[in-house]
Amino acid sequence: MALLEVQGLEAQYGWTKVLHGLAFTVEEGGITTILGANGAGKTTALRAVCGMVRTRGEVRFEGRSIAGRATEDLVRLGIAHVPEGRGTFVNLTVEENLRLGAYGRRGAGSGEDLGRVYQYFPVLAERRRQLAGALSGGEQQMLAVARGLMARPRLLLLDEPSLGLAPLVVREIFRIVRTINREQRVSVLLVEQNAAIALRLADHAYLMETGRMVMSGTAADLREHDTVRRVYLGY
Amino acid sequence: MDILLQQIVSGLATGGIYGSVALALVMIYQATDVVNYAQGEMAMFSTYLAWTLLNAGLPYWVAFGATLVISFVGGLLIERIVIRPVEGAPVLTIVIVCIGLLVILNSIAGWIYSYIQKPFPSPFPSRPIQIGNIYFGAHDLGALGVTLVVLAGLYVFFRFTTLGLAMRAAAQNPVSSRLCGIRVGWMLAIGWGLAALVGAVAGMMVAPVVFLDPNMMAGILIYAFASATLGGFTSPGGAVLGGLIVGVIENLAGTYVHFIGTELKLTVALALILVVLLVRPSGLFGRAAIHRV
Amino acid sequence: MPLRTLRLGVTLLAVVVALALPFTLSNFRLFQFTQVFIYAISLLGLNILTGYNGQISLGHGAFYAVGAYTTAIMLDKWNVPYGWTIPVAGLLCLVAGFLFGIPALRLEGLYLALATFALALAVPQILKYFENWTGGSQGIVLSKPTAPWGLRVNPDQWLYFLTLAVLLLLFVLATNLLAGRTGRAIVAIRDNPIAAQAMGVNTALYKSLTFGVSAGYVGVAGALSALAVAYVAPDAFNVFLSITFLTGIVIGGLASIWGAIFGALFIQFIPNWAQDIAKAAPWAIYGIFLIGFMYAMPRGIAGAIRLLTARAWRPRAEPSGAAPGSPR
């Protein structure tokens, strides 16, 4: 059974419809990516799943429908969303940011969660008492992912994590994401503009264009596909 | 020298009250970008509630505590019931709602309790306290003490508790807070509750001095604005400090500068506001607003 | 029928009704409506500054006071014919507003509101201080002007017509001002000052000028109110007046010329109504009205009308019947 199943997803901003009957799934334990150019609607798709945009359609998580649930409920359900632009609390310290990640999850043990997160992201451990706003872009992205991890999610939603970051930094972050995926059994839904790096990380891939799903398959398939290579990979 | 010290302590006592109301204003402003013009009237209403409880025979500190609890709940309910319907509206719309609230509270207080001034008891002895060679008003010291305790409590709450952290987060970044599972609406409501609680303390500490009447907080609200302006509307600590400074300046100016009688004291507060705004709008401790292009 | 024609038609109808009123209403009612026109002029002035230009002022009562006292002093001390006092008051306030607008350039939003609030608070005290000119707390008593040219209308009717004429003139002026380049520049400054500046708009000049024009309007209103009430006293110009003006423009509708009329009707009649409903606590009812209006029409009466007419006049678009959603 797929961890996340989306069918016939529609969303609009005001009078403009931006998603037209989207369908995709995220398999348990896998890394799925949704690719597409700017404005394709990828971020909107994530926000629709999270209840941040008014939508129509079916969204099922672990078999139960979550369409229309409030955003605040997500963490409790086991979904962590790392938003576009990081969304870090810039006036709070790194450690406070992380503690907030665990807020929505009932149950204690936040101390060992911190320990685990600091192991994956040592640079955050060094800067635990610094204000998040003082961190570099790459460090803030790590902080955002780490904050998501603190919720002990079953599904991690990553919205354009590579935006504005140097390639080396992006590779490092993606390496850590893969490790987390394997070791912690956290499934990942990655929305990305940078097709090359996303296809190297993911198992399955979808391609969106102007609010519609135009292609789907394994990452390897899409990597080899002619149009994808020409338009999105550049060779 | 003795008189100077006395006046400073007295100024600090009133300054603590200004600072408390200023803190309440800043707390709500930080979370919502709205100045709650009804803050003073809410404090006044809480004080009348305390008066009712005291008249019913409750011992002072019991009535005090009960009033704090009722005020907290009241502030919370006001946010959930009155403010929530306009939460996403333009700022000026919410301002008008606050003004409406101000007017309603003032009017109802006048209706229930009449506009005749009433005395309000102080829990502190009326004999002055001697420290060294100087005599200090017991109420001054007591009020200052109570105010500082409440403010310290708030500080600890916001800095060291999870709920306090969640409230700070919700005020700074509601969207990310939701993603962390924080119920932003309720954080706002609790913020209003705490602001009302702080206001109630201020009201109960000032009522013995100025006597209880529906318009008692109007002047204090203006001084609170001056305090928050001086300290910085973006800094809770600054607001409190600003209040203490304003209290001391007001008292010293009233005592030592002869043409400033009670009439012109208000003008001193206003002049202070204007000077601060001209020289350094963000206040002593506030952060200048950074506009991202 | 195109929206524009409908609007024009309604406006003309309103003017015709307004012209007919003095012959059907009692003197007291006429006085109330004269006051509505005066408030409307004031609200229009404040709206130009706050609604269209985004500068929040809690101190326009000060300019109202300047206008009123200018008229009072000119009539009382120098026997100037009342007709001249009105433009003089307006001009004086225009200059004063412009000058105030210069230091105000450094202040925004909350801070400008605070500064103007402090100004409003200071006004009664300043007025009482300069006793020799202002008559101190007692104020100055004036006599109501009578109709010129032997017209057979009583003073109340004459003042009504005079005020209405000034109102119409100032309304037309404002409409022209705001419809053209100047208006667009003013609104651009409100919405995105940096972009406006980048496009070559001299934001500093426009902001100060807007302050001046806005103050000028309020000054004229003040002058007219001195004539209508035939009395000026410091306590009438307290901070509550400024707050009433702000209330008026928000209830009436920001950035709307008609909003000034709706707002003026509200601030003139609702307090009376509230008194009729509950003599014991009339202001409580007023407060409930305020809050209720904001719940029902967060963008003011004019805003609500705009919304309704937009829905009715919107060209039939997608037949999909999709319900409009909005991003959170």
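In what order do the six strands of the open sheet in chain A lie? They run β6-β7-β8-β3-β9-β10, and the pairing is mixed. Keep in mind that this is a predicted model.

**The sheet in chain A**

Let's walk along that sheet. At its edges sit β6 (79-82) and β10 (212-218) of chain A, each of which pairs on one side only. From one strand to the next, the twist averages 15 degrees.

β6(A) pairs with β7(A), residues 155-159, in the parallel sense, over four bridges.

The bridge partner of Leu35(A) in β8(A) is Glu192(A). On to β9(A), residues 204-209: β3(A) pairs with β9(A) in the parallel sense over five bridges. Leu35(A) is part of this step too, standing opposite Leu207(A) in β9(A).

Here are those pairings side by side:

| Strand pair | Sense | Bridges |
|---|---|---|
| β6(A) and β7(A) | parallel | four bridges |
| β3(A) and β9(A) | parallel | five bridges |

**Two covered strands**

Is β8(A) enclosed or open to the outside? Six of the six residues of β8(A), 187-192, are buried, so the strand is largely enclosed by the rest of the structure. In a regular strand, side chains alternate between the two faces of the sheet. For β8(A), both faces are covered: Ser187(A), Leu189(A) and Val191(A) are buried on one side, and Val188(A), Leu190(A) and Glu192(A) are buried on the other. Note that Glu192(A), the partner of Leu35(A), is on that buried list.

β3(A) is mostly covered as well, with six of its six residues buried. One of its faces carries Ile31(A), Thr33(A) and Leu35(A), the other Thr32(A), Ile34(A) and Gly36(A), and all of these are buried.

**Chain A as a whole**

Zooming out, chain A has 10 helices and 10 strands. Its radius of gyration is 17 Å, close to the 18 Å that the globule rule gives for 235 residues, so chain A is as compact as a globular protein of that length. Along the principal axes, its C-alpha atoms fill a box of roughly 45 × 40 × 35 Å. Of the 235 residues in chain A, 47% are buried. Among contacts with a separation of 6 or more in chain A, 68% are between residues 24 or more positions apart.

**Chain B and its side facing chain A**

Chain B has 11 helices and two strands, in the pattern α-α-α-α-β-β-α-α-α-α-α-α-α along the sequence. A compact globule of 293 residues would have a radius of gyration near 19 Å, and chain B agrees at 19 Å. The C-alpha trace of chain B spans about 60 × 50 × 35 Å along its principal axes. Of its 293 residues, 52% count as buried. Residues 24 or more positions apart make up 74% of the chain B contacts with a separation of 6 or more.

How many residues of chain B are in contact with chain A? There are 15, and they are in contact with 16 residues of chain A. On the chain B side, α6 (162-172) and α7 (174-179) each supply at least two residues. α6(B) gives the most, with six residues. By class, this side of chain B has seven nonpolar, five polar and three charged residues.

**A helix pair in chain C**

Finally, look at α8 (residues 181-191) and α10 (residues 203-229) of chain C. Their axes come within 10 Å and cross at roughly 105 degrees, which makes α8(C) roughly perpendicular to α10(C). On the α8(C) side, Ala185(C), Ile186(C) and Ile189(C) meet Thr203(C), Tyr206(C), Lys207(C) and Thr210(C) of α10(C). By class, this contact has four nonpolar, two polar and one charged residues.

Terms used. Residues numbered from 1 in each chain as written. Chains lettered and ligands numbered in written order. Predicted model: local features only at pLDDT ≥ 70, side-chain atom pairs only at ≥ 80, totals over all residues. Contact = placed C-beta atoms within 7 Å. Nonpolar A, V, L, I, M, F, W, Y, C, P; charged D, E, K, R; others polar. Rg over C-alpha atoms; globule rule 2.2 N^0.38 Å. Buried ≥ 20, exposed ≤ 12 C-beta atoms within 10 Å, placed from the backbone. Axes fitted to C-alpha atoms, helices over the stretch in contact; angles between N-to-C directions. Parallel < 35°, antiparallel > 145°, perpendicular 65-115°, else oblique. Pairing = 2+ DSSP bridges.
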